[in-house]
Amino acid sequence: MERGEAKSKKAGGPPRLCCICNERRPVLKRPKTLQQICRECFYEVFEEEIHQAIVNNGLFKSGERVAIGASGGKDSTVLAYVLSELNRRYSYGLDLFLLSIDEGITGYRDDSLETVKRNELQYGLPLQILSYKDLYGWTMDDIVKMIGLKNNCTFCGVFRRQALDRGAALLKVDKLVTGHNADDIAETVLLNILRGDIARLSRCTSITTGEDGPIPRCKPFKYTYEKEIVIYPFCCFKSSLDYFSTECIYSPNAYRGFAREFIKDLERLRPRAILDIIKSGEDFRIATTTKMPEQGTCERCGYISSQKWCKACVLLDGLNRGLPKMGIGRARGGGVNGGDHKKETKAGSTVKTLESKQCGSLDF
Amino acid sequence: MACNSSGCESGGCYGREKENGCKVVDVKETVRLCVKCKSNEPMTFGDGGSDDGRFCAECFRSNVYGKFRLAVTSHAMITPSDNVLVAFSGRSSSRVALQFVHELQVKALKNYEASRDRSLPVFGVGVAFVDESAAYPSLSGGMSDAIAWVRSTVLSLSPPEKDLHVVPIESVFGSDSVEARDRLVKLLDSVSDETGKEDLLLHLKMLSLQKVASENGYNRLVVGSCTSRLASHVLTATVKGRGYSLSADIQHVDARWKVPIVLPLRDCVWQEITRLCHLDGLKTVELARHPQSGINDLVSSFVALLQEENPSRECTIVRTAAKLTPFYFNKIPETDDSCVPMATQRRLKKFNLKYDGSMTTEAFCPICNGPLNGSDSSEDESDALYDACCSSCRFQILPQEPSSLDHFGSLLPHHMISQVKHHQKFDSQTYLREKIKDCLLLDDEEAV
């Protein structure tokens, strides 16, 4: 953190000029640093920090085809906008695409997909949509009807991960970018600590995952605060970017909610704590031997997997056989927390923490 | 023998088999037995916690004491020639630690008196109570009563006798109590972050304990931190960016200090400790806490919430953190101590319970004594104190204005600031050369 960071407690009264340019009137307090800042400086520093994250971490190479995981929500919409803007401004030389997954959630996903279709036109980025119905034969609505509101996030997360990889293969892209922001990653670090998943803990703070696989994924928003992603469109356009801003209708029971509430409270006390959690995650002393499970392919569909069948196939099999608890919770004989297996795998953290591993091909 | 009764719990009917034979019994009339010894009636503490009504008083107690004893022996925490100082706050956890250490000592004394050759001496035990009223003026009202109570408690725990050291926290600044208090207040006032202030006090508390321990010839400091306390620490360390040094803080042994710290209650949960106090009638004193409004308090509330949702969450958190790689100093250091009985020395060597004390490869933050990660080094080389500190202390304890750093440094106790000078002079080339100079055949200038 910069040492000149303004602490609101110390300020005698609001300074009359923006901290950065010292010319214009400040219109907001920057969530990350609490600096009093004007509109222009905000969107400049917002975009600049993302550009630095991209450049310092070598996320892209010129000429690469890159798919943006686009849900129609604020993170991916802002990502699509900023990435295409930076691509143009700094000549990254990227071929950008929008990739959207339709989980089949009525009243939520069907609306947000309309947003993505509009984004396709607004940003001029080609769009590909894949649906759970086509890929797996089940929509999330069907799944929830069968299993209720516990563990549904596990199904959705596992299916979406594979769907994105398949979509990326169809588009023949070199990389996938997702809109995971600093808040998301901090939540994931906490969740992995709470749930005892040391292997995931060691991987979840990486800005790029799956480099040794066919479709590496990166998170350019790794150091970007969720609040700032919300503010950005107002600073840029004096209005909201066109995005869909409702919570998934099935999400209230996710275990991740605990971590999210805590982080919100923490941010109020000390904004930089979000980045500090990520820093801790990067610094944890985890022996390299604990990191990687055995890499292989799924016998049923050919997707990468550390077990005989990939998680998606296991879950699908369970659904098709009317045994929805299959694949939920720890395997027998390995349980550590007595009696509480079901709660362990609730949240969709699998999407964010498993990395693409080396595999043959994605011919399913 | 399987029992048909629907109200019969596992083990519930065993004791009655021979007397009555198995019969269908109404749920209310079933006599429940301890699941361990299967002979006594289980204790119910009625505190809504897990495992309530499963163990009898004796088995419960022996479970908890067993964990303590296992920790002590498997980590060589206390050996016959040691002189152990127990940090005692008067609250439940340290009360149990003190009680257990006392019982261990009593047993050792009994063995000593019964043995013919008296080869194994009995380890010594002292007690230290830190008086924080200079930092938290609200405590001063009840402090003299609390100290009197501590004194009588320690007196009751003899034989063997134990010295009590009442340590004012300002003693880190020296023995002149007025000047020391003044310096403490000035230092605390210059820290603007609430959490930083609380943490700085914790570091000063540890410094004062270290001071009294080394000045009075103790070679071990027993701290009563339990699983629950450590679970909170795991999360507070994470949210403060202290992920690198976390594994150093949560092991059974922490030997980066002059007097190594041992945590014999590390594997016991808060609930067990409070239940034990209740069971054994161990009195505790609860000094009115200064209201905490910072991150530490937020994390405690969060952990309490998680515990409600799942009572084994604290254990999972600590178990996760235990999978992090500890440091070389998380073992009792090797010393050329001829007082250590041969049998003990052999045992320690056999189980690799010690480390070579000359292996200092880490640099430490002068304020929190946390091992420094390479990425913590600052680009700005202008201030020695700033450079020497970890990023967490830089943010929450050091003043933000560079011009105030010098003044702040002058407010720190001598022990902390002397670490800075040491760090400043740290030159790895020279350091390594020092280590190998015995082997060098050539003069310094001609050597590689």
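How many of the 10 residues of helix H11 (residues 313-322) of chain B are buried? Seven are, so described under a cut-off of 20% relative accessible area with a 1.4 Å probe, protein chains only. Select B:Arg313, B:Glu314, B:Thr316, B:Ile317, B:Val318, B:Thr320 and B:Ala321 to see them. Helices here are DSSP runs of H or I, at least four residues, and strands are runs of E, at least two, numbered from the N terminus.

The model is predicted: local features need pLDDT of at least 70, side-chain atom pairs pLDDT 80 or more, while totals for chains, interfaces and linings use all residues. Residues count from 1 along each chain, chains are lettered from A in the order written, and side-chain values use heavy atoms, without hydrogens and water.

Now show chain A. Find 14 helices and 10 strands. Of its 364 residues, 58% are buried.

Next, the interface. Contact (heavy atoms within 4.5 Å) takes in 37 residues from chain A and 50 from chain B. The two chains bury about 3,900 Å², 57% of it on carbon and sulfur atoms; this is accessible area (1.4 Å probe) lost on being put together, summed over both.

Zoom to A:Arg270 and B:Asp193. They form a salt bridge, with the closest N and O atoms 3.2 Å apart. The rule (Lys or Arg side-chain nitrogen within 4 Å of an Asp or Glu carboxyl oxygen) finds one across this interface.

Then select helices H7 (182-195), H8 (198-203), H10 (256-269), H11 (273-283) and H13 (341-344) of chain A. Each supplies at least two residues of the side that touches chain B.

Note on methods
Buried means under 20% relative accessible area, exposed over 50%, partly exposed in between (1.4 Å probe, protein chains only).
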